[in-house]
Amino acid sequence: MIENNYFLDNQDLLENFRSIVDWKEIIDGFEGDFRDHKEYQKNGHEELSMAPGSYEDALEYYKSILESGGDIAGKQIAPLAKDMDLEGLKYSSGTVTFPETMKRGINQVKEAGILPYSIGRKHGGLGIPATVQTMMMELFSRADGSFAIALGCLNLAETIERFGSKEMIDEYVPKMAKGELFGAMALTEPNYGSDLPNLQTKAVKDENGVWRLTGAKRFITHGCGFGEIPAVILTLARTGTPTSGARGLSFFLVKSEDVFIAGIEKKMGLHCSPTCEVVYENTPGILIGEEGYGLVRYSMAMMNGARLSIAAQAMGIATAAYTEAKKYASEREQFGKTIQNIPAVKKMLSSMDREIAGMRAVLFEASRSIDLYHWKSERMKEEGIDDREIKKDEGVKKWEKLANLFTPLSKYYITELANKIAYDGLQIHGGAGFTYDYDISRIYRDVRITNIYEGTTQLQVVAAIGGIVSGMSAKGHLRQYFDEELSRFAPSTQLLENKESLEKIVESYSAIENSLLRDEVAFEVVQSTARVLIGLLLERGASRLKADAKDKRERLAREYNAESKSILAANTIEIENRRGVPALA
């Protein structure tokens, strides 16, 4: 693996941080009137000592966290990734053993003070917005996907912060911030993968009023905790009747010491990320929030955050694939020249570079949408504003709708393209890439799960299509978003033509009366939307840069939008043809 500071050596990431991301609006929403800093000045609470007191302080605070994370990821974790992958995990009688190198890596992150990056400051966390959190996940994922997932599980405390009682928050969140407790989310069951409304793990109250869970969960990341560190398992279980559907599900906090780890999966990749089967036998659990809202309110909120996190993970792994392929191509000689100068290879590298920029652009736009609705609503809650009034706020409504669209859209697009980039990266390595001698083989194996877990690409399409159709209506939120963002810069003729093509695609899709036929071409609509959105973001980003950086991004945008033109044309034909073809059985 290339060893360097993964924040400072990534020019595209730096350009986003320094010039493209609109930090003013994010900081205004997240930091508010810098209340944490004012609270520290007033009461001297030590956990708030690092809270920024100005716009400049906030930006420097975020930058220092990313520089520290980039340094540890690129110089400490990346060199260990190969050995960790080869050693893997060991399971025996309910116990999972981790490589000592991985334990040392977690301790390094802990000692650097950047472990609890998504936990609020008042509970011992760093307190940073979603946009910075995704950057952190990308940095560590570039070093090693398994390691990044471990950090993500430690930061599942954010869910308890949002929905737990004060007693639950005070008991568990500070311990997670210190790295004394891991987190795990337990939704999937052996016979119910994404079909969550029908899961069967049940929870009943005993004679003492304690909830008791019985059942089994499968594919539970870090359900075993991490070495000697136990976990709190956020578990979805049925409190209603077996046929009560989503409304009969509730959300519980369960301690890992109260369950049995029946085994871990033997996987093709992510060899240091334990994927556990968890057995509950009359296991005590603590209800989170209200009974009956486990899926529709709490689990869905947690899953949306997890999907963005996986998009960031795929972003990091794709960056690793690209940088490793670029380095190999600059060193490997064939026919008297380095292979980077062979037209076919040069074209592949150019495509990877372009897609990386587009993927990162949509990742940060999805993060922006979360920052602009979630934190505003949280501030309003702190001010004592009723939930019904918060939901009526136009800004909250707008960005919540966009977040609900951009999250599955970015998860689908980034994970699919990350797989393509890893595929091409291995191809550039040739036969050497098929061996364990080069990191690209591990990268290729690790990335494959990203478009499967936390909801497959096909489920992301289902999650996104409704928001696209309603959003592109005459007064829809997506149409308004496009109009507003296009007014911020001078869009190219090609981008405007692509947007018109998208409008026609959505119209043609909506005109299909048979729902099965519509389902067959929903992917084409979602793909078209992603292409137009990313084309817009690349051009908007270019307008915020100067000199050579501006010229390069304008070139990337032109190439991207030209390619999108052909994709949109093909999708138009596919949808039009589908209107007259019987639905597949």
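**Close-up views of a predicted model**

**View 1. Strands β4 and β5 pair in the antiparallel sense.** The model shown here and in the other views is predicted. Strand β4 spans residues 202-205, and strand β5 spans residues 211-221. Their pairing runs over 4 bridges. Lys202 has its bridge partner, Thr214, in β5. In a regular strand, side chains alternate between the two faces of the sheet.

**View 2. Gly209 sits in the hairpin of β4 and β5.** The hairpin has 5 residues between the strands. Gly209 takes a positive phi near 80°.

View 3. A search of the whole structure finds 0 disulfides.

View 4. Cys272 is buried, and its relative accessible area is 2%.

**View 5. An annotated domain covers two spans of the chain.** The unreviewed UniProt entry gives "domain: Acyl-CoA dehydrogenase/oxidase C-terminal" for residues 297-371 and 407-460. Residues 297-371 are 85% helix and 5% strand. The end C-alpha atoms of this span lie 19 Å apart.

**View 6. Residues 407-460 form the other annotated span.** Here the chain is 65% helix and 0% strand. The end C-alpha atoms of residues 407-460 are 9 Å apart.

How values were computed:
Residues numbered from 1 in each chain as written. Predicted model: local features only at pLDDT ≥ 70, side-chain atom pairs only at ≥ 80, totals over all residues. Heavy atoms only, no water. Disulfide = S-S within 2.5 Å. Buried < 20%, exposed > 50% of the residue type's maximum accessible area, 1.4 Å probe, protein only. Pairing = 2+ DSSP bridges. Helix = DSSP H or I, 4+ residues; strand = E, 2+ residues; numbered from the N terminus. UniProt positions renumbered as here; feature names shortened; annotations may be inferred.
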